[in-house]
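Let's take a walk through this one together. Have the sequence and the fold open side by side, and we'll go from the overall picture down to single residues.

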Amino acid sequence: MKFTELKNDIQEGAKSIYLLEGDDAYFRLKGEEMIKSAFVQMPELNFTSLDGETLKGNSMSQLVAAVESVPFMSEKRLVKVTEFHPSDTDFDKHLKNTFENFPQETILLIVNSEGRKGVDLKRKSYVTYVDCNCADEETVTKWAYITLRNAKISASVDVCTLIARYCQCNMSRVALEVEKLIDYKKEGELSREEVDALVYKDTDYRIYEMTNAVSRRDFDTFCTIEADLCRKVGDETSVLSGLFSYFKNLLTIISSDSSDRQLSELLKMKEYGVKKSREQARAIGEDKLKILIADIYCALADIKCGNSTPHSALQTVNNKIFLI
């Protein structure tokens, strides 16, 4: 199930084994909090946390012992294991019997930031898998809309979409920014101008805006964002390096036949970011991207060799992007 379905699922009663797995730390943390608050009384006595990286071979007995312990003055006991990726051999030898005959008094919560080689826990019928990967724009927008509405603040879908985009659909960031907006606004209608003024735009999003300006040949917007980035990140060399890395990713995406999910793993990006980057790369064009990458590479080389100052190199790149 998706993380957004977990709340309703909890209302139907506790499951024996939960697997919260995905790259969004906010979803993993909130999922753990929801399960713990719903089913565990006196967590200081009925909650145990284990490091899955240390559970190999015979040390699996620690997990089995924790699972089979009886709760103290409570209906349920919660055992949490982080980054738990048992091999098929270890699972069959040490855990299979316990998992298939799981104690009714215990809930096992497995929290993984990513999937790895080993037994595929999420395909086990007795494991409740919760997808904690980065949500798409529509889901994040809906979350922001409902959260603001519950705080007696009205915001249009367009305004909530801006919040999602400015934070690159990173729920940890979105949650902080929405909380900040609630503290500021208190109640009433939230405007686009207030979101623009209060929500911090990720550097990646600002570079995304810059490259959109390239595809539109909007020189003024490009320079405005560029100047803002130079102030925030420190110098022109950092901006050039950011552009170089960004354009390289765009070229990789547009020239690859791999899926968005496969590219997200290869490039260490969110799947949502790959989707948006693919759209952007098509707008700029593969040939243009190759030229831009070569120009920025030469500019960075000139800086390192002392043939150009960072400011001069950045202006040269700007001229090649828009004037040549």
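A word on terms to begin with: a residue is called buried under 20% relative accessible area, exposed over 50%, and partly exposed in between, using a 1.4 Å probe and protein chains only. Keep in mind that this is a predicted model, where local features need pLDDT of at least 70, side-chain atom pairs count only at pLDDT 80 or more, and totals for chains, interfaces and linings use all residues. Numbering starts from 1 along each chain as its sequence is written, and side-chain values use heavy atoms, with hydrogens and water left out.

Start with the whole protein. You'll find 16 helices and seven strands; these are DSSP runs numbered from the N terminus, with H or I over at least four residues for helices and E over at least two for strands. The C-alpha atoms fill a box of roughly 70 × 50 × 35 Å along the principal axes. Of the 324 residues, 46% are buried. Take contact to mean heavy atoms within 4.5 Å: among contacts between residues at least 6 apart in sequence, 76% join residues at least 24 apart.

Now zoom in on helix α10, residues 203-216. Its 14 residues reach 20 Å from first C-alpha to last, close to the 20 Å expected at 1.5 Å a residue (the expected span is 1.5 Å times one less than the number of residues). Its buried residues are Tyr205, Arg206, Ile207, Tyr208, Glu209, Met210, Thr211, Ala213 and Val214. What covers them includes α7 (157-166), α11 (219-233), α12 (236-254), α14 (271-284), α15 (286-304) and α16 (310-322). Just after α10, arginine 217 takes a positive phi of about 55°.

In α12 sits tyrosine 246, which counts as buried at 13% relative accessibility. Not counting residues up to four places away in sequence, tyrosine 246 touches Asp204, Ile207, Tyr208, Thr211, Ser277 and Gln280. Its C-alpha is 8.4 Å from that of aspartate 204, 42 residues away along the chain. Over in α16 there's alanine 313, buried at 2% relative accessibility. Leaving aside neighbours within four places in sequence, alanine 313 is in contact with Leu240, Ala299, Ile303 and Ser308.

Next, look at the loop between α7 and α8 (171-185), where glutamine 168 is found. Glutamine 168 has a phi near 55°, a positive value in a residue other than glycine, and is partly exposed at 22% relative accessible area. Cysteine 169 is in the loop between α7 and α8 too. Cysteine 169 also shows a positive phi, about 60°, although it is not a glycine, but this residue is buried at 0% relative accessible area.

Cysteine 305 is in no disulfide either, as the nearest cysteine sulfur, that of cysteine 298, is 11 Å away. Cysteine 305 counts as exposed, at 59% relative accessibility.

Definitions and conventions. A disulfide is a pair of cysteine sulfur atoms within 2.5 Å.
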